[in-house]
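I hope they are handy to have beside you as you look through the chain.

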Amino acid sequence: MNTEENNKTQRPQSAQQNKPQSASQSNLQGAPQSGQPGGPKKKSRLIIIIAIIVALAALAVIIAIGVTRGNEEPETVKVDTEEEATVYGDETLGIDPVVDEQLADYRNIALFGIDAKTADSETGHRSDGMIVISINEKTDDVKMFSVYRDTYLQTDDGGTLDKVNHAYAYGGMNRSIKALNRNLDLNIREGISLTWEAVRDFVDAIGGVEVEVLDSEVSYVNGAIAEGAKLSGAGLQTLNGNQAVAYSRIRKDSAEGDHRRNERMQIVLKAAFDKVKTMKESQLVSILDDMLPKTDTNMSRNRMVDTLKDIMSMEISYNTCWPYDTSDWMHDSIYYGVPVTLQTNVSQLHSEFFGQTDYVPTQTVLDISSRIQSMTGYGQ
């Protein structure tokens, strides 16, 4: 099912008009809340920092709207020291204390692609791209997963069931992080947002990315870029910034819709990551300094460096899309992706990402899962 066609007429332009519609049993009340939110070793740290920026780039490619600007001192959810990080272990970000203890060895970072024109557009805009990067701080193992934007989850404190990307529209980064923590039993404290023009600039800065373009994808890429930059055909080739953006934005080439689009995002991510790892330290420093002002984040530059300073190398050992098992559901002529069931999808996630065999989700997740089943009829 083509989820994009269902969403075209519903995209919010501001927090005051065209707000996302909800299929929840309890509706959102009132206006959206404000968003809150020289040696080999040195080179390795820079590579890791750039790799996170690469993840942001691949994520935001699919958004295709607007420009971001830097925000070095966000108003809330600021995390600059280990002491401050501890403060956000409570319900402020929806982190269950037992989950926090179980995931103490993991740093989970949320990456958002938002349909906003500026980084200070904290509400009224969906997060149409979401990636969670999970770093095992004991093993330096890195895994990541994309969250399908149409996934039917609880998006606020009032119990609203809605598309998870609507959480950003009503509460910015803070509510989005909280929704991911609450529904997936995670301990995310840090988030970064980016939009597509920064992606274009980034891909150009690293000299393009090498991607195997399918024959069925060529016409869609060429239809979105100017004459003189069009692809001559299919096959393995180096895409520039505009071409990479167009490639990752393809929506109609696959019957899988959003699923295939997430696959393209990951293809671009890995291609960019492989390219970055071959670059000189001076180049990495320059790119890092250029990219940071184009992001909206609750992480300072020093925080990024400090977080990753002990990791000598970074390899993405596993990447996937979540939920693993989902079904299409139409409600009031709006498409939703229903996790079948939320409970089993969360259990599988924790088994694959955190080694928690036979993981039993928190009561919060079990309750949300039960309400989703009752509302949709799936999984009963």
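**Notes on the model**

1. The partner of β7 is strand β8 (residues 235–239), joined to β7 by five bridges in an antiparallel arrangement; two strands pair here if DSSP finds at least two bridges between them. Within this pairing, V209 stands opposite L239 of β8.

2. A word on the basis of these notes. This is a predicted model, in which local features need pLDDT of at least 70 and side-chain atom pairs count only at pLDDT 80 or more, whereas totals for chains, interfaces and linings use all residues. Residues are numbered from 1 along each chain as its sequence is written, and side-chain values use heavy atoms, with hydrogens and water left out.

3. For the overall picture, the chain's secondary structure comes to 13 helices and twelve strands; these are DSSP runs numbered from the N terminus, with helices being H or I of at least four residues and strands E of at least two. Of the 380 residues, 58% count as buried (buried is under 20% relative accessible area, exposed over 50%, partly exposed in between, with a 1.4 Å probe and protein chains only). The chain exposes about 15100 Å², and carbon and sulfur atoms supply 45% of that area. Accessible areas come from the Shrake-Rupley method with a 1.4 Å probe, and for residues only the protein chains shown count as cover.

4. Now the salt bridges. The count comes to eight, where a salt bridge is a side-chain nitrogen of Lys or Arg within 4 Å of a carboxyl oxygen of Asp or Glu. One of them joins D100 and R189, at 2.6 Å from N to O. D100 lies in helix α4 (residues 97–102) and R189 in the loop between α5 (166–184) and β6 (190–194), so this pair ties together parts that are 89 residues apart in sequence. D100 is buried at 19% relative accessible area, and R189 is buried at 14%.

5. Another salt bridge links E137 with R107, their closest N and O atoms being 3.3 Å apart. Because E137 sits in the loop between β2 (127–136) and β3 (141–147) and R107 in strand β1 (residues 106–114), the pair ties together parts 30 residues apart in sequence. E137 counts as partly exposed at 38% relative accessibility, whereas R107 counts as buried at 13%. R107, E137 and E190 are also linked in a network of salt bridges.

6. A further salt bridge is formed by R182 and D157, with closest N and O atoms 2.6 Å apart. R182 is in helix α5 and D157 in the loop between β4 (152–154) and β5 (161–163), so the pair ties together parts 25 residues apart in sequence. What is the relative accessibility of R182? R182 is at 13% and counts as buried, while D157 counts as exposed at 57%.

7. V365 counts as buried at 0% relative accessibility. Leaving aside neighbours within four places in sequence, V365 is in contact with R182, N183, D185, L342 and V346 (contact means heavy atoms within 4.5 Å). V365 and N183 are 182 residues apart in sequence, yet 5.7 Å apart in space from C-alpha to C-alpha.

8. Please also look at K163 in strand β5, which is buried with a relative accessible area of 1%. Its side chain makes a polar contact of 3.3 Å with the side chain of D150. A polar atom of the K163 side chain also lies 3.0 Å from the backbone oxygen of Y335. A polar contact is a pair of N or O atoms within 3.5 Å; within protein, one must be able to donate a hydrogen and the other to accept it, and residues adjacent in sequence count only if both atoms are side-chain atoms.

9. Last, some backbone geometry to check. Most residues other than glycine have a negative phi, and most peptide bonds are trans. The peptide bond from W322 to P323 is cis, with omega near 5 degrees, and P323 lies in the loop between β10 (315–322) and β11 (326–331). The bond from V340 to T341 is also cis, with omega near -15 degrees. S333 has a positive phi, near 65 degrees, and is exposed at 61% relative accessible area.
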